[in-house]
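Biologist: Show me the model, please. I want to go through the labels and ask what stands behind each one.

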Amino acid sequence: MANPFTLGVASGEPLPDGVVIWTRLAPAPLTLDPARPGGLPNRAVEVRWQVAEDERFTRIVREGVTQAQPRWAFSVHVRLDGLRPGADYFYRFRSGSDHSPVGRTRTAPAAASAGPVRFAVANCQRYEHGFYTAYRHLAAERPDVIFFVGDYVYESPQAANPVRTLPNTSEADTLAEYRLRYTRYKLDKDLQAAHAAAPWVATWDDHEVADNYTGASSFFRRRARAYQAYYEHLPIRVKPEAHLLQMFRRRVYGQNAEFIVLDSRQFRVPGDMLGAAQEKWLLERLRTSTARWKVLVEPLFFARRFVPGNPPHLRLDAWDGFQEQRRRIFDAGARGLIVLSGDVHNHWASDLHADFLDPRSAIVGAEFVTSSISSRPPATDAPAVLAANPHIKFFDGRRGYLAGTAGATDFRVSYRVVDSVEKAGANVRIVAEFVTEGEGIKRSDV
Ligand SMILES: [Fe+2]
């Protein structure tokens, strides 16, 4: 049998004492037979795993055996515990005589830690639109944690003028079609490098299921298939149960940062992006968290963004369509509110004002919007948008990611871009750096 570790390894959901490590067996990854995901017959496969303090595995601290089940496309999720806080670990898997690549992960710091938290933010990696070169550079940075804010795959039919082509070109709908979409994406070596470099904390947007889907019951059966494929390919703690998957959660990084991860799709109904239970939880976290920075990790542009020219001037599927809910988030009065978002396939940075229509109103937070890893941007008249929205301070129209630091006094974000995604191996550059102490963002690179 061919080596089954074709999709790489991953880790995620860091806690001070543990992480989840992931792999999926797929010796013939692009097999089209729905009865043989990854090319394996319908019986469980034994997988051994090891965790060490060093990359050469001379100091092994945990090891064990688990079963990769056909029911879950031979994916493996091992929840590790008993690890030290704020520490690097290395992990690998073995099946028969085949070894996986080695992954590096890192636990969250201890509750009392006031050390800086180094993070990255990425999203929107449409395969046909280009190469994942940004991930090659992100992986080399080895941040403490990588946040992914949606559109891990696109269910859509193959894009026009593809830079890279899909094995299944029609829209994904069956479980086998969703699995094959993830499989094609995860064969990418740059994406594998980003997963092997640091633990991920991911949330989703719409394209993991269907364009602009909501919490309506008409999507339940389809999203159950899509959520299953999502679980099978990401290092998350919780399994889906039919059409439900617990996504909103928090990850505490010592005293500096509480990352509050939102689910903007599963419970969405008209006028309510989050659903009552998630909103109640979120407002409670904003009122009671003692972290220096309360960081919302979510897909959608949070600040008001008025687009001059032809209507619609506001995007009603982002937070501008949920202004009362946004108001209640501001009214929770959190000190040190930060939003890390994406979705729009361009870089933006913005102050958050108590009243966006009054530029002299109090600044209540900051938003850093990451561009896409590869997905093409919409046509954008950036100078007109910046002029119409004085709270928005920055735009860049290239693909890239964010790298930042949550410190004890300031929060810093660096905007990285790649020169091109149409050919592999492009350079990366820093186009802007911002810092805030909670009272407005300032350029720190000029
Ligand atoms: Fe996207």
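Biologist: Why is His345 called buried?

Modeller: Buried means under 20% relative accessible area, exposed over 50%, partly exposed in between, with a 1.4 Å probe and protein chains only. His345 has 12% relative accessibility, so His345 counts as buried. A caution on sources: this is a predicted model, where local features need pLDDT of at least 70, side-chain atom pairs count only at pLDDT 80 or more, and totals for chains, interfaces and linings use all residues. Residues are numbered from 1 along each chain as its sequence is written, and side-chain values use heavy atoms, with hydrogens and water left out.

Biologist: What makes His345 a donor of the iron ion?

Modeller: Donors are N, O and S atoms within 2.8 Å of the metal (3.2 Å for Na, K and Ca); water is not among the atoms, so sites may look incomplete. The protein donors are Cys124 (SG), Asp151 (OD), Tyr154 (OH) and His345 (NE2), at 2.1 to 2.4 Å from the iron ion. NE2 of His345 is therefore a donor.

Biologist: Why is the arrangement around the iron ion called irregular?

Modeller: Four donors count as tetrahedral if all angles lie between 85 and 135 degrees; four count as square planar and six as octahedral if opposite donors are over 155 degrees apart and all others between 65 and 115; anything else is irregular. Here the 4 donor atoms subtend angles of 87 to 168°, which makes the arrangement irregular.

Biologist: How are the donor residues spaced in sequence?

Modeller: The pattern is C-x26-D-x2-Y-x190-H. Tyr154 sits in the loop between strand E10 (145–149) and helix H2 (175–186), and His345 in the loop between strand E15 (337–341) and strand E16 (347–353), so the pair ties together parts 191 residues apart in sequence. Helices (H or I, at least four residues) and strands (E, at least two) are DSSP runs, numbered from the N terminus.

Biologist: Is Tyr154 buried or exposed?

Modeller: Tyr154 has a relative accessible area of 4%, so Tyr154 is buried.

Biologist: Why are H5 and H6 called roughly parallel?

Modeller: The axes of helix H5 (residues 276–288) and helix H6 (residues 323–331) come within 9 Å and cross at roughly 30°. That makes H5 roughly parallel to H6. Axes are lines fitted to C-alpha atoms, for helices over the stretch in contact, and angles run from 0 to 180 degrees between N-to-C directions. Angles under 35 degrees count as roughly parallel, over 145 as roughly antiparallel, 65 to 115 as roughly perpendicular and the rest as oblique.

Biologist: Which residues make the contact of H5 with H6?

Modeller: Glu279, Leu282, Leu283 and Leu286 of H5 meet Gln325, Arg328 and Ile329 of H6. Contact means heavy atoms within 4.5 Å.

Biologist: Where is Ala334, and what makes Ala334 buried?

Modeller: Ala334 is in the loop between H6 and E15. Its relative accessible area is 14%, so Ala334 is buried. Beyond neighbours within four places in sequence, Ala334 is in contact with Leu286, Lys294 and Val364.

Biologist: What is the phi of Phe57?

Modeller: Phi of Phe57 is near 60°, a positive value in a residue other than glycine. Most residues other than glycine have a negative phi. Phe57 lies in the loop between strand E3 (45–52) and strand E4 (60–68). At 7% relative accessibility, Phe57 counts as buried.

Biologist: Which residues does a cis peptide bond join?

Modeller: The cis bond joins Pro311 and Pro312, with omega about 0°. Pro312 is in the loop between strand E14 (293–297) and H6.
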